[in-house]
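Please look over the structure below before reading on.

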Amino acid sequence: MERLDVVIKNGKAVLPDGVKETDIGIKDGRIVALQKGIQANASVMLNAENHYIFPGVIDVHVHFSEPGRESWEGFHTGSMMMAAGGCTTYFDMPLNGIPSTVNVKALTEKAEIGKLKSFVDFSLWGGLVPGNEKDLEPLAEAGVIGFKAFLSETGNKEFASVDDMTLLNGMKIIAKTGKVLALHSESASITNWLKAEKEQAGAFSADDYLESRPIMAEVEAVERAIYYAELTGCPLHFVHISSALAIEKIEQAKHSGMDITVETCPHYLLFNHQHLRELGTIAKCAPPLREKEEQEKLISLVINQKFDMVSSDHSPCPFDLKDPKKHHLFAAWGGISGGQFTFLSMLELAIKYNIPFETIAQLTASAPAERFGLSEWKGKIAVGFDADLAILSLEDSFTVTKENFLAKHKESLYIGHTFPSMIVATISKGKIVYQDGKVVAGKANGEWVKPEKDEYVK
Ligand SMILES: NC(=O)NC(NC(N)=O)C(=O)[O-]
Ligand SMILES: [Zn+2]
Ligand SMILES: [Zn+2]
């Protein structure tokens, strides 16, 4: 009888063309068989009867802040949290750590730490900042997944936002490397101007914060970036888009044939401005949570497949920096801590709005793999692909507590939230990393994943 490492029996696998009952056979970290009734000797047999098996989440947007600010998160706790959330590959952003990932030395240093500490696979973004134009091609060659720049201030002095000239020059160079430029799109001019007005008036309420980062600030930045991409031919990825009007502009550009993708994050879909009013700093992010009406529009846009993917934008910090006793809302650190909940959030929406599970798998796994050059071996359940899987039960629910939230800091908008499904296990390249509420992997086996080599066109 054939010898396999793992056989998952009787699950409902979420395949690109629909849900299918099948066994999954795994050997040497890859899926080798996808059929009912696999007869094999396997070291590990899992019964997945009544459970759904999704491709492991590929979360393109997290901030683990290591090296330099590992007191904010770090690869160890961060990757355990991702595993608990059904994520098997995440892309770490180039900012919030010290140094920022803006040259090859910083990239290599971060990759070494990730390889030692991460429980699941990861890729690394490189930064575009004023003054690092000469580092862009070397970073591309060294294997960054793409580049990231900020059009508004980052809130951290080690990673400056781009001025228009840096953006244009950077786009021109990035276009040549064949990589994608990801943009935090809020206009620095508009948000700084409005923020200064609020500061002068000493007006720091939740409503003031929302007013200081209006939808127009997002739309202006998106439109400008689209013009610049048209001039330079640079592929773009808009991160954490929070308004229907921005999507309208992005849709127009896509229809004109431009190479653009867009993500939103679960917090814009599950929460709204009322949560900032009630909960304060833990619900502070940029762009801000929008009014309920906008939240509903964003959900419709997800249902109508106007977003290419979803990401968590896990951007935590020690609670001290969010402590309302010490900082008013404008001064507190902005960022939502919720990397564990992208998949469960999308399942909540799928159940509520009848979104097909294969659409969820597309948003959380296959579209990111496709966009960022990993689609030959990651992002879907298929023979020959990495056995990166998330096993889900619809018969159980999951209420977030400080105990089962595995991020370094336990303060989060999600504490107390009940998701209508539960992750039973997460498998990374054939190894069970998370099962029954615990990270079970003995050691950190995550690898640094680089995009396909032939993506790089000199
Ligand atoms: N410096 C940050 O991590 N910022 C993040 N903060 C948010 N989203 O509030 C982000 O992605 O913009
Ligand atoms: Zn951002
Ligand atoms: Zn971010």
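1. Start with the lining of the largest pocket: its residues divide into 10 nonpolar, 15 polar and eight charged. Here Ala, Val, Leu, Ile, Met, Phe, Trp, Tyr, Cys and Pro count as nonpolar, Asp, Glu, Lys and Arg as charged, and the others, Gly among them, as polar.

2. A note on the source: this is a predicted model, where local features need pLDDT of at least 70, side-chain atom pairs count only at pLDDT 80 or more, and totals for chains, interfaces and linings use all residues. Residues are numbered from 1 along each chain as its sequence is written, chains are lettered from A and ligands numbered from 1 in the order in which they are written, and side-chain values use heavy atoms, leaving out hydrogens and water.

3. The largest pocket has a volume of about 650 Å³. A pocket is an open set of points on a 1 Å grid over the protein atoms alone, where a 1.4 Å probe fits, with protein on both sides within 12 Å along at least five of seven lines; lining residues have an atom within 4 Å of a point. The volume is the space filled by probe spheres set on the points, which are joined across faces, edges and corners.

4. In total, 33 residues line the largest pocket; Glu-153, Thr-154, Gly-155, Trp-333 and Gly-334 lie nearest its centre. Strand E10 (147–150), helix H5 (188–201) and helix H6 (206–212) each give two or more residues to this lining. H5 gives the most, with four. Helices (H or I, at least four residues) and strands (E, at least two) are DSSP runs, numbered from the N terminus.

5. The second largest pocket has a volume of about 260 Å³. Its lining holds 17 residues, with Ser-428, Lys-429, Gly-430, Lys-431 and Asn-445 nearest the centre. Strands E1 (3–15) and E19 (431–435) give two or more residues each. E19 has the largest share, three residues. By class, this lining has seven nonpolar, five polar and five charged residues.

6. Which protein atoms are donors of the zinc ion (ligand 2)? They are His-184 (ND1) and His-240 (NE2), lying 2.0 Å from the ion. Donors are N, O and S atoms within 2.8 Å of the metal (3.2 Å for Na, K and Ca); water is not among the atoms, so sites may look incomplete. His-184 sits in strand E11 (residues 181–184) and His-240 in the loop between strand E12 (236–238) and helix H8 (244–255), 56 residues apart.

7. His-184 counts as buried because its relative accessibility is 4%. His-240 is also buried, at 2%. Buried means under 20% relative accessible area, exposed over 50%, partly exposed in between (1.4 Å probe, protein chains only).
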